[in-house]
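Please look at the sequence and the structure shown here, and keep both in view while reading the report below.

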Amino acid sequence: MKARFFNKIAAYFISIDKGTFLVLIGMLYATIFFCSFVMGYKTVDLYGRVLCSSVFVFPLLFPINDSITELLGAKTSYLMIIAIIFCEFMFSFITHALAVLPSPSHWQDQEIYPILTTGFIHIAIADSISLAIGFFANTYVLNKWGIKWFGTGFFRRSLGATAAGELLFTISTNLIAFHVFSAADLKDTANIIISDYILKMAYSFIICIPNAYLVSLIKKYIQKEDTIKDRNIISINQIRVRYRT
């Protein structure tokens, strides 16, 4: 009974168009990103180390980005990075425009909204630069190593690419958001950068393990579904696209 039940579930997911999975991954990607985005200026004191609260959710984005790059290609990943940058600026400007509209005089705490949404604009500026640097580097490194190693060793490639992307993103986004916009002095900013990066990498190492396992299962399924021609007859010009399967 259990085998039949799981086979039915597997058959259902196999029957779904692959583009649907991209939509679902994109929704998850955007949800995690905007949770991190909204809490960008919220700091946490963890045993004397100052951290951004977003550090507890943001590291999830790099493994998701690696999965997209590995399974759907670097171009898809680059497109999602550009799209999320565009969306965060839309979110920032629209929410700020709504927040500064006049409120009834007897309505309490309305002054908080313009202050909060001004911070969104600052974070959007910092994030757009940092995403372009960190996530593009993450995708580029993972893709290049994938070509070099013929698609093997996804876990170590993902962890290495995440380490490079996280470092660039953490330094740039915190320097701009906290120091350039005068939210913190250089010492506190450096404290945040170091604390964030250490926790992010510890977090990322844990996340990369199940993520690598899941990606390997999906790749095996893709290999099984490919035709003999797709698997064995690969022209030199197609290697960049087909190395993953």
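The report that follows takes up a strand hairpin, a pair of helices and one lysine in turn.

The model is predicted, and the elements discussed are listed in the table.

| Element | Residues |
|---|---|
| Strand S1 | residues 43-46 |
| Strand S2 | residues 49-52 |
| Helix H3 | residues 61-72 |
| Helix H5 | residues 112-148 |
| Helix H7 | residues 186-225 |

Strands S1 and S2 run antiparallel and are joined by four bridges, and together they form a hairpin with two residues between them. Leu46 stands opposite Arg49 in S2, while Tyr47, which lies in the turn, has a positive phi of about 55 degrees.

Two packed helices are described by the angle between their axes and by the distance between those axes. For H3 and H5, the axes come within 10 Å and cross at roughly 45 degrees, and the two helices are therefore oblique to each other, with H3 passing H5 in a right-handed crossing. On the H3 side, the residues that meet H5 are Leu61, Phe62, Asn65, Asp66, Thr69 and Glu70, and on the H5 side they are Gly134, Phe135, Asn138, Thr139, Leu142 and Asn143. The residues of this contact of H3 with H5 divide into four nonpolar, six polar and two charged.

Leaving aside residues up to four places away in sequence, Lys200 touches Val55, Phe58, Pro59, Glu166, Phe169 and Thr170.

How values were computed. Residues are numbered from 1 along each chain as its sequence is written. This is a predicted model: local features need pLDDT of at least 70, side-chain atom pairs count only at pLDDT 80 or more; totals for chains, interfaces and linings use all residues. Side-chain values use heavy atoms; hydrogens and water are left out. Contact means heavy atoms within 4.5 Å. Two strands pair if DSSP finds at least two bridges between them. Axes are lines fitted to C-alpha atoms, for helices over the stretch in contact, and angles run from 0 to 180 degrees between N-to-C directions. Angles under 35 degrees count as roughly parallel, over 145 as roughly antiparallel, 65 to 115 as roughly perpendicular and the rest as oblique. A crossing is left-handed if the near helix is turned anticlockwise from the far one by less than a right angle, and right-handed if clockwise. Ala, Val, Leu, Ile, Met, Phe, Trp, Tyr, Cys and Pro count as nonpolar, Asp, Glu, Lys and Arg as charged, and the others, Gly among them, as polar.
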